[in-house]
Amino acid sequence: MIEQVLVHDYNKNLQLISNFVAQNSNFIKKEILINGKINAYVLFIDGLANKSYVEESIIKPLMYKVDEDITKDEDIYEIAKKYLVVSSFRLNNNAKDIGAEILSGKTAVIIDGIKTAMIIDSLNDKYRDIQESTSEKSILGTRESFTENINLNLTIIQRKIKSPSLKIERFVVGEKTRTEAALVYVEDIIDKELLNTIKSRVLTVKAPAMHTTGVFEQFIERRPFNLFPQAKNTERPDKVVFDLLEGKAAIFFAESSSALVVPATFIEFFQGFEDYSERLVIANFSRITRFIAVISVLILGPIYLTLLLYNAELLPYQLMMVIINSRKGIPLPPFLEILAMEIAIEILREGGVRLPNPVGTTLAIVGGIVIGDAATRANLVSHATLFIVAITVVSTFLIPNYQMALCIRFLRFPMLILAQMFGFYGILIGFYILLVALVKLDSFGIPYFAPMAPSRFKDFGDVFVRDNIKKVFSEPVSLKPSLARRNKDE
């Protein structure tokens, strides 16, 4: 086992620390003399640490300004207070921890005759500037989005919530990557029982590597094979602030430009943030349109298929004649016809996502037009089927959350299969299974289908329609498990 505790010999300490830092060319081991006679090493990684800051604020003061002897730990504190131009520092005598700090962009100073190292924050904060989110467009909200700099992301939240109750708990996750993360919540709003549940999952994750919020989400969820997202990813600070003030928590990762909000309920994935900025009637019109679009994605294709196969007598005569004329010469049965078009659309959509933005958008639009026109001209697909599939595709764009949009897009395939097998009964079976799955699911102890099941009538003012904004801005009862349990006991 490699020895980890530092000793008095600074050369020996350099070897101990080097065992935990990759010996690459950018690992700087600058040997200096303090007070003209005390040997020391300044250790940092060029690029991770700000080299000019290290030279000006640490190396230069130690070499040219210190005129005192250093014989014990207390002397280091005096040196730091008098001569170093740094905002914070601490001492550490564990070589493994020191190596991890260096790999995180900090600078270590080891001095001959001293069994502890000075750790100084010198992280290079050169990241991209704050920009508008490309995946979550804002009409009336702010134009800023998170960046890969975790400190900047936390600063944005602190700038928007100027409250002493805003708490930030930092932790490290990933045995190999040692990724810095932070749990953020408002202490006097979040339910204590909910907070304990979140901490029990978040702060105990064991993984060899952690890069994104999406990977972390899969580690903390209890049902990995469940289709529905149990946490909410977002790049927009205003959304995170709104959720924090409702009593939720947010998780941030270094090198990740999105935050993970927990817990999440089913209904909130269909609520656009602009719903709260619009006038009441307009906001409710937009929200109802969104729910109609979601239902269309799930049942429009299956109902069309059922009417063709099992219940053609339900169609008006004129409409039936239009469909019959459009299907003349079509070799494929209705099920395969719809399925083929749906799969073709999904291929186009995936191709558009993987390509650069302008090219991907062009491919999705032009490709859809070309394939649809070619399919109808070749009598492979009827015009009526093409119209139904096009409506369902456009309807998926109305879902504000990308993760939920993927889930709803997937669900239309089993609904289509059930309609092919059992007709209208199959559609009813599909909705029943879907409803049971939603009611049984929970997110960090919060019922996923709340406030509908279990019913929380106080929260009904912001479900399918939005109530007066003055009534909406209140802490949801659905996010208070301790309060719900107390009411149940009473």
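Residues are numbered from 1 along each chain as its sequence is written, and side-chain values use heavy atoms, with hydrogens and water left out. Because the model is predicted, local features need pLDDT of at least 70 and side-chain atom pairs count only at pLDDT 80 or more, while totals for chains, interfaces and linings use all residues.

We can start with the strands (DSSP runs of E, at least two residues, numbered from the N terminus, as are helices, runs of H or I of at least four). Strands pair if DSSP finds at least two bridges between them. Strand S1 (residues 27-34) runs antiparallel to strand S2 (residues 38-45), with eight bridges joining them, and Leu-33 stands opposite Asn-39 in S2. Three residues lie between the strands of this hairpin, where Asn-35 takes a positive phi near 60°.

Strand S5 (residues 117-120) has two antiparallel partners to look at: strand S3 (residues 89-92) joins S5 by four bridges, and strand S4 (residues 107-111) also pairs with S5 over four bridges. Arg-90 has Ile-119 as its bridge partner in S5, whereas Val-109 has Met-118. Both faces of S5 are covered, with Ala-117 and Ile-119 buried on one side and Met-118 and Ile-120 buried on the other; buried means under 20% relative accessible area, exposed over 50% and partly exposed in between, with a 1.4 Å probe and protein chains only. In the hairpin of S4 and S5, Gly-113 takes a positive phi near 90°.

Lys-96, in helix H4, counts as partly exposed because its relative accessibility is 46%. Lys-96 touches Gln-4 and Phe-20, not counting residues up to four places away in sequence; contact means heavy atoms within 4.5 Å.

H4 (95-103) also gives the most to the lining of the second largest pocket, with six residues. Of the 32 residues that line this pocket, the closest to its centre are Ala-100, Leu-103, Ser-104, Arg-178 and Glu-180. A pocket is an open set of points on a 1 Å grid over the protein atoms alone, where a 1.4 Å probe fits, with protein on both sides within 12 Å along at least five of seven lines; lining residues have an atom within 4 Å of a point.

Finally, the largest nonpolar core has 44 residues, of which Phe-228, Phe-266, Phe-270, Met-404, Ile-408 and Tyr-448 touch the most other members. Such a core is a set of buried Ala, Val, Leu, Ile, Met, Phe, Trp, Tyr and Cys residues joined through side-chain atoms within 4.5 Å.
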